[in-house]
Amino acid sequence: MAEVGDIRLGDTMVHEIPRGSKTTNPDLPVILSNDLTPLDADTDRFIRDQMLAPFIPTGRDIIALPDGGDDSGLEFELVPRLVKELLGDTALLPGHSRVIAEHMFDSQRGAASAGIFVASVGTCSGGPCVIVMKAEHQEGVRMRHHGQPGQVSFDVEHISELIVGKNSRVYKIAMLWVRGFDGAVIGKMVDKQNGVGYADYFLHRFLGMQLMFDAEKLTKDLLESATRHINAHVDPEKKTRYTRALVALMESPEDKLSGMQFITRFIDAEDRDDFEAALPAETLREFSKDVTLVKSRIGGLVFDLQDGAVQVKATSEAVANGDVEVDATHKRVVIKGVPDNISPSGPPKR
C-alpha cells in the first residue's frame, strides 16, 4: 500500500482533549463522545481536501515499534493493536476511539494544546486504513444579515470553539494500515506544528511507532551529539575547526555518513577516544545521510558569547575566509568589516 491518494472517511468519532497532560492537569477530563459523529458533505470534503490530501502523501513513513514498552507504564503497542482490531471490525470504533483519545492525553507532555481528537475508519487507493487526528480549537466570528435591500441589519456572533479551519495552527495526523506480507502496522505521520520535525510524544509514546527509515534520525543524532561534545569537552581553540568540519560534512554531496569516519578524518588523535564515546553507537557505523531534520541548522555557524547575551551568526564561507575569527588566546570573536545594515532585533536565543 505505497499509494495513499483518494482518501475517504468512513465512520468517525470526535472527542475533546484538554490542555496539558495527565501529569500536569490530572483533574481535567477527556470529554468522550458516545456516538458516531455524522459528517455532512461539506465537512467531509473540507477535512479530506484541506487537512489530509495535501499532507498525508508526503508524510513520514512509520512502523510499529518492535517491542511493547518501557518503565513509563504506557502501552506502546496499544494503538497498533487497536488499529488491527478496527480494521477487522469497524463496529469497535466508538469504544476503541475513546481508549485511544484517553491514551493521547496520557501521552502528552508539558503544555500540549487542547483540541479535538478525530478517529475514522476509512480507505485510500491502497485499501482500508485508520485515520487519527488532533486539531487545535480556533476562534472566529460569524456574521448574518437580515431584512431587505436598503434596510439591512447585521448580527455578529463570536464563536469561541470553531473546531478546525484552513488556518488551524496545530494538528497532528496519522494514517495507519496493516502491511500485507508480515502483518506489521505501518503508515504515514504528519506533524504540522513542528515542520520537518515531529513531537516525540506523538510518534513514540502515543502511536507506539518509529520512523521506518532511520537515515534522517541518525543524521540528526550525529549532528546533535557531536555538537554537544564539542561545546562541553573540546578545547576552545579547536571548537570552531571541529564544528566547521561537522557542518561541511553535512553539506557535502556524500550520500553516506559514519561517525567513525568523521572522527578519523577531522578529529585530532588525542581527542578521538572521548569523541567516539560521546557519539551514539548506531551513528558510528555507516548509514545513509538525510538532512531533512537538520536543514535549518547547517550552512553556517552561531557563536554564543557572554552566556548567550551576545550571538554572532556567520556563513561557513565567512569563517573559512577569516571574516569571522575565534581568538581563543584573548577569549574573543573578531569580526572583520563594517556592518552593511544595522536593524532592531529580538534578543539572542539563550
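**Exercise 1. Work out which classes of residue line the largest pocket, and which elements supply them.**

By class, 14 nonpolar, nine polar and 10 charged residues make up the lining of the largest pocket. Here Ala, Val, Leu, Ile, Met, Phe, Trp, Tyr, Cys and Pro count as nonpolar, Asp, Glu, Lys and Arg as charged, and the others, Gly among them, as polar. This is a predicted model, in which local features need pLDDT of at least 70 and side-chain atom pairs count only at pLDDT 80 or more, while totals for chains, interfaces and linings use all residues. Residues are numbered from 1 along each chain as its sequence is written, and side-chain values use heavy atoms, with hydrogens and water left out.

Step 1: take the volume, which is about 1200 Å³ for the largest pocket. On a 1 Å grid over the protein atoms alone, a pocket is an open set of points with protein on both sides within 12 Å along at least five of seven lines, a cavity is a set of points where a 1.4 Å probe fits but cannot get out, and lining residues have an atom within 4 Å of a point. Grid points are joined across faces, edges and corners, and a volume is the space filled by probe spheres set on the points.

Step 2: find the centre, to which Asn231, Leu301, Val302, Phe303 and Asp304 are the closest of the 33 lining residues.

Step 3: list the elements, where helices (H or I, at least four residues) and strands (E, at least two) are DSSP runs numbered from the N terminus. At least two lining residues each come from helix H5 (215–233), helix H6 (236–251), strand S12 (300–305), strand S13 (310–315), strand S14 (324–327) and strand S15 (332–335).

Step 4: look at S14 and S15, which pair in the antiparallel sense over four bridges, pairing being counted if DSSP finds at least two bridges between two strands. These two strands form a hairpin with four residues between them, and lysine 331 in the turn has a positive phi of about 55°. Arginine 332 in S15 is the bridge partner of aspartate 327.

**Exercise 2. Describe the open sheet and the cavity.**

Step 1: write down the order of the seven strands, S1-S3-S4-S7-S8-S2-S9, with antiparallel pairing. Strand S1 (12–17) and strand S9 (209–211) are the edge strands, since each pairs on one side only.

Step 2: follow S1 to S3, with which S1 pairs in the antiparallel sense over six bridges; threonine 12 stands opposite serine 120 in S3.

Step 3: Two or more lining residues come from each of helix H1 (41–52), strand S3 (115–124) and strand S4 (127–136).

**Exercise 3. Is isoleucine 56 buried or exposed, and which residues does isoleucine 56 touch?**

Step 1: locate isoleucine 56 in the loop between H1 and strand S2 (60–64).

Step 2: read the relative accessible area of isoleucine 56, which is 0%, so the residue is buried (under 20%; exposed is over 50%, and partly exposed lies in between, with a 1.4 Å probe and protein chains only).

Step 3: leaving out residues up to four places away in sequence, isoleucine 56 touches Val4, Ile7, Ile173, Met175, Lys188 and Val190, a contact being heavy atoms within 4.5 Å. Methionine 175 is 119 residues away from isoleucine 56 in sequence, but 7.5 Å away in space, C-alpha to C-alpha.
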